[in-house]
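Thanks for coming. Please have the sequence and the structure open.

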Amino acid sequence: MSTHASYKGPADCPAVIPVFPLPGALLLPRGQMPLNIFEPRYLSMIDDAMRTDRVIGMIQPDPEGSGAANPKLYRVGCAGRITQYAETGDGRYLVSLTGISRFRVESELASTSTYRRCHVSYDDFAVDFEPRAGEEQVDRDGVLKALRDFVESNDLKVDWAGIDEAPDEALVNALCMMSPFGVREKQAMLEASDLKTRAEILIAVTQMELVRGSGPEPTMQ
């Protein structure tokens, strides 16, 4: 998926970005994430991003410290560029982010704005700038089996034709982003060292979820 901008490596990405803390939201390189923006501070964030480089960082709050007004953040998130933007008649923005690269938070900036901004580094994630890197090592059959088992267990409908045509990177990343799993599982997928490992985490988490969902029915006492 093109972002209509050239991001060939870490040096092409902004070192200071606004961040959008959102539990369960996983953005991955070249993936697309739709967002419905309505809180005033994040409306302001989108306004400012549209006036500059259109880049914001998606990051999850760390459950260990999520009770604070400004919750503790995980150290790794993913930067995305606003590639679709629309205003609604009731004061909301409908935007779509296209993932660029993961980043590591180096520090959070003191700011007078209502949203949070961080100094970040992309140096640990140079592989993110290489489309389809590591696809040849992905266990596609294992991913598809896990998907089929999950779909059958939950009585879901899936566009199998579209899935069959999807390259391995797009398939694995899209399934990870759309998966219904928890914050820690999503963070593990985000921080996976390569596409093969991300696919293995996806398979393992799906299998564990299926095992939990197939336990014995409770008995009436």
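How many bridges join β1 to strand β6, and in which sense do the two run? There are four bridges, and the strands run antiparallel, with β6 spanning residues 116-121. On its other pairing, β1 meets strand β3, residues 55-59, in the parallel sense over three bridges. Val 19 shows both pairings: it stands opposite Arg 116 in β6 and opposite Gly 57 in β3. As for burial, five of the six residues of β1 are buried, so the strand is mostly covered.

Next, the cores. The largest nonpolar core has 46 residues, and the members that touch the most others are Leu 35, Ile 37, Ile 46, Met 58 and Val 143. Another core lies apart from it, with 15 residues, including Ile 59, Ala 79, Phe 103 and Val 105. Going back to Ile 37, and leaving aside neighbours within four places in sequence, its contacts are Phe 20, Tyr 42, Leu 43, Ile 46, Arg 92, Tyr 93 and Val 95.

Now the helix α5, residues 183-191. Its buried residues are Val 183, Lys 186, Gln 187, Met 189 and Leu 190. They cover an arc of only 160° around the axis, so they sit on the same side of α5. What do the buried residues of α5 pack against? They pack against β4 (76-87), β5 (93-108), α4 (168-178) and α6 (195-213).

On to the rings. The count of aromatic pairs comes to four. One of them is Tyr 85 with Tyr 93, a tilted pair at 5.2 Å centre to centre and 55° between the planes. Tyr 85 is partly exposed at 32% relative accessibility, whereas Tyr 93 is buried at 11%. Phe 150 and Phe 181 have ring centres 6.1 Å apart and planes at 75°, which makes the pair edge-to-face. Because Phe 150 is in helix α2 and Phe 181 is in the loop between α4 and α5, this pair ties together parts 31 residues apart in sequence.

A few backbone points. Arg 30 is not a glycine, yet its phi is positive, at about 70°. It sits in the loop between β1 (16-21) and β2 (32-37). Asp 155 is another non-glycine residue with a positive phi, near 55°. The place of Asp 155 is the loop between α2 (140-154) and α3, and at 71% relative accessibility it counts as exposed. In helix α3 itself, residues 160-165, we find Asp 164. Asp 164 is exposed as well, at 51%. Its C-alpha atom is separated by 9.3 Å from that of Leu 144, 20 residues apart along the chain.

Last, confidence. The chain averages a pLDDT of 92, and 92% of the residues score at least 70. Where is the pLDDT below 50? That is over residues 215-221, a stretch with zero contacts in the model beyond near neighbours in sequence. Where pLDDT is low, the predicted coordinates should not be read in detail. That is all I have.

Definitions and conventions: Residues are numbered from 1 along each chain as its sequence is written. This is a predicted model: local features need pLDDT of at least 70, side-chain atom pairs count only at pLDDT 80 or more; totals for chains, interfaces and linings use all residues. Side-chain values use heavy atoms; hydrogens and water are left out. A nonpolar core is a set of buried Ala, Val, Leu, Ile, Met, Phe, Trp, Tyr and Cys residues joined through side-chain atoms within 4.5 Å. Buried means under 20% relative accessible area, exposed over 50%, partly exposed in between (1.4 Å probe, protein chains only). Contact means heavy atoms within 4.5 Å. pLDDT is the predictor's confidence in each residue, from 0 to 100. The arc is that of the directions from the helix axis to the C-beta atoms. Two strands pair if DSSP finds at least two bridges between them. Rings of Phe, Tyr and Trp (its six-membered ring) pair if their centres lie within 6.5 Å; planes under 30 degrees apart count as stacked, over 60 as edge-to-face and the rest as tilted.
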